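Keep the viewer open while you read.

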Amino acid sequence: MKKTENRETAEIEKSEQSGECAAQTENDRVAADADKPDERDLKFMRLALAELENCPKTEVPVAAVVVCGDEVVGRGVNRRETDGDPTAHAEVVAIRDASKRLGRWNLSDCELFVTLEPCVMCAGAIVYSRISRVVYGAKDVRFGACGSALDITGCEKLNHRAKTLGGVLDELCLPPIRGFFQECRKNGGRKFKG
């Protein structure tokens with residue numbers, strides 16, 4: 001008994017020292033790897049992609065929809081530059097829209113479909129709004145917080161975890177983002193307000 005406690009304590013200390021969240025158990029990871037998108041996932045990811053039409057040209061083209069049952073209850077695109085608001089990422093905009101439409105902050109019966117893996121801020125909003133599941137398109141290896149760079153949505157230290165499925169229609173989600181940054185580089189970099 002003492003040895004097991006010491007091993008668990010050592011693992012927790014190692015996790016805390018490295019600054020990493022103890023993401024998932026091995027069984028959870030295997031289950032997540034076996035999770036493949038179904039027709040419903042593809043349908044709602046296509047709806048998120050369609051929202052890119054509403055994304056201002058000055059913004060990184062990312063779009064999100066919040067779904068409750070089979071109904072889209074929240075929509076959002078990046079609006080950080082447009083609104084001068086550092087929190088106006090597509091996910092946060094969609095979560096705010098869903099909360100307003102549903103008249104509640106607890107979205108535990110909702111899912112989020114987004115074209116790019118959520119960042120730390122957005123993953124925090126997902127956890128705090130209790131969204132049950134996140135389906136994202138392109139992975140973000142530098143800033144993604146749903147399993148790529150970090151795993152906030154799967155962190156066992158937090159009081160809520162969201163199931164995640166990534167890489168859904170990434171072949172359609174990634175080109176607009178790449179094109180945006182290629183255009184920025186061609187024009188001498190991004191121009192920020194202020």
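## The pocket

Helix α7 gives the largest share of the lining of the largest pocket, 4 residues. Helices here (H or I, at least four residues) and strands (E, at least two) are DSSP runs, numbered from the N terminus. The model is predicted, so local features need pLDDT of at least 70 and side-chain atom pairs count only at pLDDT 80 or more, while totals for chains, interfaces and linings use all residues. Residues are numbered from 1 along each chain as its sequence is written, and side-chain values use heavy atoms, with hydrogens and water left out.

The largest pocket has a volume of about 650 Å³. Of its 22 lining residues, the closest to the centre are L116, D140, F143, I177 and F181. Two elements give two or more residues to this lining: α4 (80-83) and α7 (170-186). By class, the lining has 10 nonpolar, 2 polar and 10 charged residues. Ala, Val, Leu, Ile, Met, Phe, Trp, Tyr, Cys and Pro count as nonpolar, Asp, Glu, Lys and Arg as charged, and the others, Gly among them, as polar.

A pocket is found on a 1 Å grid over the protein atoms alone: it's an open set of points where a 1.4 Å probe fits, with protein on both sides within 12 Å along at least five of seven lines, and lining residues have an atom within 4 Å of a point. Grid points are joined across faces, edges and corners, and the volume is the space filled by probe spheres set on the points.

## Salt bridges

A search of the whole structure turns up 10 salt bridges (a side-chain nitrogen of Lys or Arg within 4 Å of a carboxyl oxygen of Asp or Glu). In one of them, E111 meets R40 at 2.7 Å, N to O. E111 sits in strand β3 and R40 in helix α3, so this pair ties together parts that are 71 residues apart in sequence. E111 is buried, at 11% relative accessible area, while R40 is partly exposed at 24%. Buried means under 20% relative accessible area, exposed over 50%, and partly exposed in between (1.4 Å probe, protein chains only).

R133 pairs with D41, their closest N and O atoms being 2.9 Å apart. That pair also links distant parts of the chain, with R133 in strand β4 (residues 133-138) and D41 in helix α3, 92 residues apart. R133 is buried at 13%, and D41 is buried at 1%. R40, D41, D70, E111 and R133 are linked in a network of salt bridges.

## Aromatic pairs

There are 2 aromatic pairs. Rings of Phe, Tyr and Trp (its six-membered ring) pair if their centres lie within 6.5 Å; planes under 30 degrees apart count as stacked, over 60 as edge-to-face and the rest as tilted. F44 and F113 have ring centres 5.4 Å apart and planes at 40°, so they're tilted. F44 lies in helix α3 (residues 39-51) and F113 in strand β3 (residues 110-116), so the pair ties together parts 69 residues apart in sequence. Both F44 and F113 are buried.

The rings of F180 and F181 have centres 5.1 Å apart and planes at 85°, so this pair is edge-to-face. F180 is buried at 12%, whereas F181 is partly exposed at 28%.

## Cysteines

How many disulfides does the structure hold? It holds 0 (a disulfide is a pair of cysteine sulfur atoms within 2.5 Å). For C68, the nearest cysteine sulfur is that of C110, 4.0 Å away.
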